[in-house]
Amino acid sequence: MECPPAASPFFPPPARAAGAPVEADVSKLAVGDMVTVEWRGKPVWILRRTPEMLATLEHNKARLADPVSGEPQQPEYATNRQRSIKPEYLVVIGICTHLGCSPSEKFAIGTTEGMTADWPGGFLCPCHGSIFDLAGRVYLSQPAPTNLEIPPHKWLSDGLVLIGEDDHGMA
């Protein structure tokens, strides 16, 4: 009888492949940086936002399709302006809600990364041009119909987040 292959990115452990919660250590994540972890075969971005990034979230409300996160793509605890438990950290599934492409990070303000002069920073989906702010909220008149999805998650400590489970149970 042949043994199954060892766990690897191509052969994850069966529990993780089935959608078990995943721990992410962000204790060494620098302010302004983002890390990607995999949960249920999807990229989950954890962005440690700067105070300047957080400040942009209030000023974009009139330009957003769902600024108060009224659509049900996030747990109740992520319906605030930052769409997070801890304002400094955004935990979001990195898949566009239009057709499933993965948006690119465009964190620099203005034209530095090929965006418009009034660009406050955020994400751009290269497939059809949908743009999202630094809380994963979609702008008005974009192909993406809704904000990026926030997965269930909870903080186990200051630098350790559990993705796929919150205080209400498993996702």
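Two strands count as paired if DSSP finds at least two bridges between them. Strands are DSSP runs of E with at least two residues, helices are runs of H or I with at least four, and both are numbered from the N terminus. Before you start clicking, know that this is a predicted model, where local features need pLDDT of at least 70 and side-chain atom pairs count only at pLDDT 80 or more, while totals for chains, interfaces and linings use all residues. Residues are numbered from 1 along each chain as its sequence is written, and side-chain values use heavy atoms, with hydrogens and water left out.

**Stop 1: strands 8 and 9**

Select residues 153-157, which make up strand 8; this strand pairs with strand 9 in the antiparallel sense, over 4 bridges. Together strand 8 and strand 9 form a hairpin, with 2 residues between them. To follow the pairing, click on His-153 and look across to Ile-163 in strand 9. Then try Trp-155, whose bridge partner in strand 9 is Val-161.

Keep Val-161 selected and look for Ala-24, which stands opposite Val-161 as well. That takes you to strand 1 (residues 22-25), joined to strand 9 (residues 160-163) by 4 bridges, again antiparallel.

**Stop 2: charged pairs**

Side chains of opposite charge can pair when their charged atoms come close. Here a salt bridge means a side-chain nitrogen of Lys or Arg within 4 Å of a carboxyl oxygen of Asp or Glu. How many salt bridges are there by this rule? The count comes to 8.

Start with Glu-88 and Arg-48, whose side chains meet at 2.4 Å, N to O. Glu-88 sits in the loop between helix 2 and strand 4, and Arg-48 in strand 3, so this pair ties together parts 40 residues apart in sequence. For accessibility, buried means under 20% relative accessible area, exposed means over 50%, and partly exposed is in between, using a 1.4 Å probe and protein chains only. Glu-88, at 27%, is partly exposed.

Next, select Asp-158 and Lys-86, a salt bridge of 3.7 Å, N to O. Asp-158 is in the loop between strand 8 and strand 9, and Lys-86 is in the loop between helix 2 and strand 4, so the pair ties together parts 72 residues apart in sequence. Asp-158 is exposed at 67%, whereas Lys-86 is partly exposed at 21%.

One more: Asp-167 and Lys-154 meet in a salt bridge of 3.8 Å, N to O. Asp-167 lies in the loop between strand 10 and strand 11, with Lys-154 in strand 8, so these parts are tied together across 13 residues of sequence. Is Lys-154 buried or exposed? Lys-154 counts as buried, at 19%, while Asp-167 is exposed at 69%.

**Stop 3: the nonpolar interior**

A nonpolar core is a set of buried Ala, Val, Leu, Ile, Met, Phe, Trp, Tyr and Cys residues joined through side-chain atoms within 4.5 Å. The largest one has 19 residues; select Leu-47, Leu-90, Val-92, Phe-107, Phe-123, Phe-132 and Leu-134, which touch the most other members. Strand 3, helix 2 and strand 4 are the elements giving two or more residues to this core.

Zoom in on Leu-47. Contact means heavy atoms within 4.5 Å. Beyond its neighbours within four places in sequence, Leu-47 has contacts that include Met-53, Tyr-89, Leu-90, Phe-107 and Leu-134. There is also a second, separate core of 14 residues, with Val-22, Ile-46, Val-91 and Ile-93 among them.

**Stop 4: helix 2**

Which residues of helix 2 are buried? Met-53, Thr-56 and Leu-57 are.

**Stop 5: cysteines**

A disulfide is a pair of cysteine sulfur atoms within 2.5 Å, and the structure holds 1. Select Cys-101 and Cys-127, joined with an S to S distance of 2.0 Å. The torsion about their S-S bond is about -105°, so the disulfide is left-handed. Cys-101 is buried at 19%, but Cys-127 is partly exposed at 38%.

Finish at Cys-96, whose sulfur is 3.9 Å from the closest cysteine sulfur, in Cys-125, too far for a bond. Cys-96 is buried at 5%, and Cys-125 is buried at 2%.
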